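Trainee: I have a new model open on my screen and would like to walk through it with you. Could we take it piece by piece?

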Amino acid sequence: MGRFKMENDRLVVTIDDLGAELVSIYDKKYSRELIWQGDPAWWKRQAPILFPNVGKFYGGEYLYQGRHYVQDQHGFARDYVLERVEESPASVTHRLVSNAETRKVYPFDFELMITHRLDGDKVDIQWQVKNTGDHPMHFTIGGHPAFRFAKPEETKADYVLKVPGKEKLEYVLIDISCGCANVDEVHTLQLSEETYPLSDELFAKDALVVDNGQIEEAWLCHKDGTPYVGVRSAGFPNYGIWSVEGAPFVCLEPWMGRCDNVGFNAELSEKPNVNKVETGEKFIKDYTIVVA
């Protein structure tokens with residue numbers, strides 16, 4: 001297990017073989033680290049990939065072809081050491097292949113490829129999921145990059161969330177008792193000039209879960225409106241915005257599918273926004289982190 005580093009005139013980017021996790025974006029222009037460094041006092045992870053499920057299943061298990069499978073929050077890919085299968089000065093591709101252990105909790109054969117590419121002030125993250133089995137494959141997949149604040153003394157009050165082109169966002173919250181989305185109560189984040197001030201209170205009930213493809217681009221900006229770091233993710237139906245009370249970071253999370261709704265107990269294939277890949281076919285999706 002090791003780490004892969006790539007560098008250009010602007011950025012130094014580091015990917016850990018464990019989970020193919022993005023663990024550093026160092027901005028040489030301003031001499032600062034943008035990725036949360038995983039202090040376990042707040043949150044031990046940094047930018048894990050969420051596969052084969054984003055968030056939790058209702059009751060901690062899901063139903064597939066009449067059988068119940070127990071699966072942890074956010075799946076297992078983040079906890080495997082992935083094989084590096086392709087390297088270049090500006091990109092690296094990692095691979096995870098299904099095995100006896102994964103089949104115990106996820107009864108599908110697959111090949112997951114995760115590619116990170118460095119291009120100027122941008123880092124592109126691409127996922128490829130190939131169904132190598134003999135029946136249709138169902139999954140959700142998502143990003144979870146955590147961006148730390150530029151200065152040690154800064155708090156959420158020093159930042160605003162910017163969603164270009166939006167006047168408001170509708171979102172639901174997580175029912176903490178089960179870790180699933182409470183879709184019976186829809187909340188509104190009313191933006192002012194496309195921005196909303198960040199605060200610990202905003203995350204008092206865990207993540208903001210934004211559905212229906214409302215977010216295709218989101219930025220953390222300094223409170224004067226100066227851009228800091230953004231995520232471009234066109235075509236993602238779901239999105240999470242999350243932090244921990246007092247923590248000096250915010251996660252901007254593009255998701256292809258998400259946690260169950262409270263009370264969902266139907267077959268996995270009927271889950272809202274679940275991805276389906278036929279035998280021998282591939283699912284490909286990417287999002288981009290942009291450093292201002």
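Trainee: How many bridges join strand β2 to strand β3?

Mentor: Good place to start, and keep in mind that this is a predicted model. Strand β2 covers residues 11-16 and strand β3 covers residues 21-27, and the two run antiparallel. Within this pairing, V12 has Y26 of β3 as its bridge partner. The number of bridges joining β2 to β3 is 6.

Trainee: Which strands are the edge strands of the open sheet of 4 strands?

Mentor: Begin with the order, which is β1-β2-β3-β4 with antiparallel pairing. An edge strand here pairs on one side only. The edge strands are therefore β1 (3-7) and β4 (32-33).

Trainee: There is also an open sheet of 9 strands; which of its strands have one side left without a neighbour, and why?

Mentor: Follow the order β7-β8-β9-β10-β24-β20-β19-β14-β17, where the pairing is antiparallel. The strands at the edges each have a single partner strand, so one side of each has no neighbour in the sheet. Those strands are β7 (83-88) and β17 (195-197).

Trainee: By how many degrees are neighbouring strands of this sheet turned against each other on average?

Mentor: This is an average over neighbouring strands of the sheet, with direction ignored. The value is 15 degrees.

Trainee: Which residue in β8 does E86 stand opposite?

Mentor: Look at β7 and strand β8 (residues 91-97), which pair in the antiparallel sense. Their pairing extends over 5 bridges. In β8, the residue opposite E86 is T93.

Trainee: Let's turn to the cysteines. How many disulfides are there?

Mentor: The rule asks for two cysteine sulfur atoms within 2.5 Å. For C221, the nearest cysteine sulfur is that of C251, 17 Å away, so C221 is in no disulfide. For C259, the nearest one belongs to C180 and is 5.5 Å away, so C259 is in none either. The count comes to 0.

Trainee: Does C221 count as buried or exposed?

Mentor: Buried means under 20% relative accessible area. The relative accessibility of C221 is 1%, while that of C259, which also counts as buried, is 7%. So C221 counts as buried.

Trainee: Now for the open spaces. Which residues lie nearest the centre of the largest pocket?

Mentor: The largest pocket has a volume of about 360 Å³. Its lining has 8 nonpolar, 5 polar and 4 charged residues. Of the 17 residues that line the pocket, those nearest its centre are Q73, H74, D206, A207 and W242.

Trainee: Which strands each supply at least two residues of the lining of the largest cavity?

Mentor: The structure holds 2 cavities of 30 Å³ or more, and about 90 Å³ of space lies in the largest. That cavity is lined by 14 residues, with A47, I49, H116, I125 and Y287 nearest its centre. By class, the lining divides into 8 nonpolar, 5 polar and 1 charged. The strands that each supply at least two lining residues are β3 and β10 (122-131).

Trainee: What is the volume of the second largest cavity?

Mentor: Its lining includes P52, N53, F57 and Y62, and also H138 and K271. The lining residues divide into 7 nonpolar, 4 polar and 1 charged. The volume of the second largest cavity is about 60 Å³.

Terms used
Residues numbered from 1 in each chain as written. Predicted model: local features only at pLDDT ≥ 70, side-chain atom pairs only at ≥ 80, totals over all residues. Heavy atoms only, no water. 1 Å grid on protein atoms, 1.4 Å probe; cavity = no way out; pocket = protein on both sides within 12 Å on 5 of 7 lines; lining within 4 Å. Points joined across faces, edges and corners; volume = space filled by probe spheres on them. Nonpolar A, V, L, I, M, F, W, Y, C, P; charged D, E, K, R; others polar. Buried < 20%, exposed > 50% of the residue type's maximum accessible area, 1.4 Å probe, protein only. Axes fitted to C-alpha atoms, helices over the stretch in contact; angles between N-to-C directions.
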